[in-house]
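Below is a briefing on one protein chain, grouped by topic. Please read it alongside the sequence and the structure.

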Amino acid sequence: MQILRCVALAAALALLPGAAFSQGKAAPKDAKLYFITPRDGQKVRGGFWVRFGLRNMGVTHAGDEYQNAGHHHLLIDVNDPIDPKEPILQDKSHLHFGAGQTETLLELPPGTHTLQLVLGDAKHYPFEPPIVSEKITIRVRQPAAAR
C-alpha cells in the first residue's frame, strides 16, 4: 500500500504545470548582451536613447519559441539578482520589450541610476545560464532651463 501511495504522489508531481519551474533553455556559451548607448558613467539630460546589443543570439518576439533567440528586458535601479527559476518581473523597474525592440527612449528623474539588460525566453524566463549585461551607472541631469 505504501508503494502505491509513493507512485501516486510521484505521478501527481509529474503532472504539475511546467510554468512553476524554470524553463531552463540553454543559451550559447559565447552569447553576449551589452549596451550600445549609453556608456557606463555617462551623464545624460532629459529623454535619452538606450540601445541594446546582442551577439551570437537572435532577437524575437515574446511567445516565439525559436532556438537561440529571445527578447530584451531592461532593469532600472534593480539591486536584487534575477531568479532563474521565475519569469522576469514586469513593472516600472523591469521593462519588457516583447515585440523584439532593440532600443527605447527612456526618461528618468534627475539623479544616479543603474541599468542592466536581461535576455528572456518566449515565456520571460532567463536563459540557463542567464544572459545579462554588465550593470552600468548613468547620471541624469536636470533639464536645461528654457531660454
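## Salt bridges and overall layout

The structure holds 2 salt bridges. The model is a predicted one, and the values below are computed from it. Side chains of opposite charge can pair when their charged atoms come close.

**First pair: K25 and E65**

- K25 pairs with E65 in a salt bridge, and their closest N and O atoms are 2.6 Å apart.
- K25 sits in the loop between α1 (2–14) and β1 (32–37), while E65 sits in the loop between β4 (58–59) and β5 (69–76), so the bridge ties together parts that are 40 residues apart in sequence.
- K25 has a relative accessibility of 30%, so this residue counts as partly exposed.
- E65 is also in the partly exposed class, because its relative accessibility is 46%.

- E103 forms a salt bridge with R51, with 2.8 Å between the closest N and O atoms.
- This pair links distant parts of the chain, as E103 belongs to strand β7 (residues 103–106) and R51 to strand β3, 52 residues apart.
- With 35% relative accessibility, E103 counts as partly exposed.
- R51, at 31% relative accessibility, counts as partly exposed.

**Chain as a whole**

- The secondary structure of the protein chain consists of 1 helix and 9 strands.
- Along the sequence these elements follow the pattern α-β-β-β-β-β-β-β-β-β.
- The protein chain has 147 residues, of which 32% count as buried.
- Of the contacts between residues at least 6 apart in sequence, 70% join residues at least 24 apart.
- The accessible surface of the protein chain is about 9300 Å², and carbon and sulfur atoms account for 55% of that area.

- F48 is placed in strand β3, which covers residues 48–55.
- Is F48 buried or exposed? F48 has a relative accessible area of 6%, which means that this residue is buried, as the cut-off for buried is under 20%.
- Leaving aside residues up to four places away in sequence, F48 touches P38, T104, L105, L106, L108, L115, I138 and V140.
- Among these contacts of F48 are T104, L105 and L106, whose numbers fall within the range 103–106 of strand β7.
- F48 and L108 are 60 residues apart in sequence, yet the distance between their C-alpha atoms is 8.9 Å.

**Positive patch**

- Which residues gather in a patch of positive charge on the surface? The patch is made of K43, R45, R139 and R141.
- R45, one of the patch residues, is found in strand β2.
- The relative accessible area of R45 is 42%, so R45 is partly exposed.

**Cis peptide bonds**

- T37 and P38 are joined by a cis peptide bond with omega of about -5°.

- N56 has a phi near 70°, a positive value in a residue other than glycine.
- N56 lies in the loop between β3 and β4.
- The relative accessibility of N56 is 43%, so N56 counts as partly exposed.
- N68 is not a glycine, but its phi is positive at about 60°.

Notes
Residues are numbered from 1 along each chain as its sequence is written. This is a predicted model: local features need pLDDT of at least 70, side-chain atom pairs count only at pLDDT 80 or more; totals for chains, interfaces and linings use all residues. Side-chain values use heavy atoms; hydrogens and water are left out. Helices (H or I, at least four residues) and strands (E, at least two) are DSSP runs, numbered from the N terminus. Buried means under 20% relative accessible area, exposed over 50%, partly exposed in between (1.4 Å probe, protein chains only). Contact means heavy atoms within 4.5 Å. Accessible areas come from the Shrake-Rupley method with a 1.4 Å probe; for residues, only the protein chains shown count as cover. A salt bridge is a side-chain nitrogen of Lys or Arg within 4 Å of a carboxyl oxygen of Asp or Glu. Patches are made of residues with over 30% relative accessible area and no salt bridge: like charges are joined within 9 Å, nonpolar side chains (Val, Leu, Ile, Met, Phe, Trp, Tyr) within 5 Å. Lys and Arg count as positive and Asp and Glu as negative; His and the chain ends are not counted. The place of a charge is taken as NZ of Lys, CZ of Arg, CG of Asp or CD of Glu.
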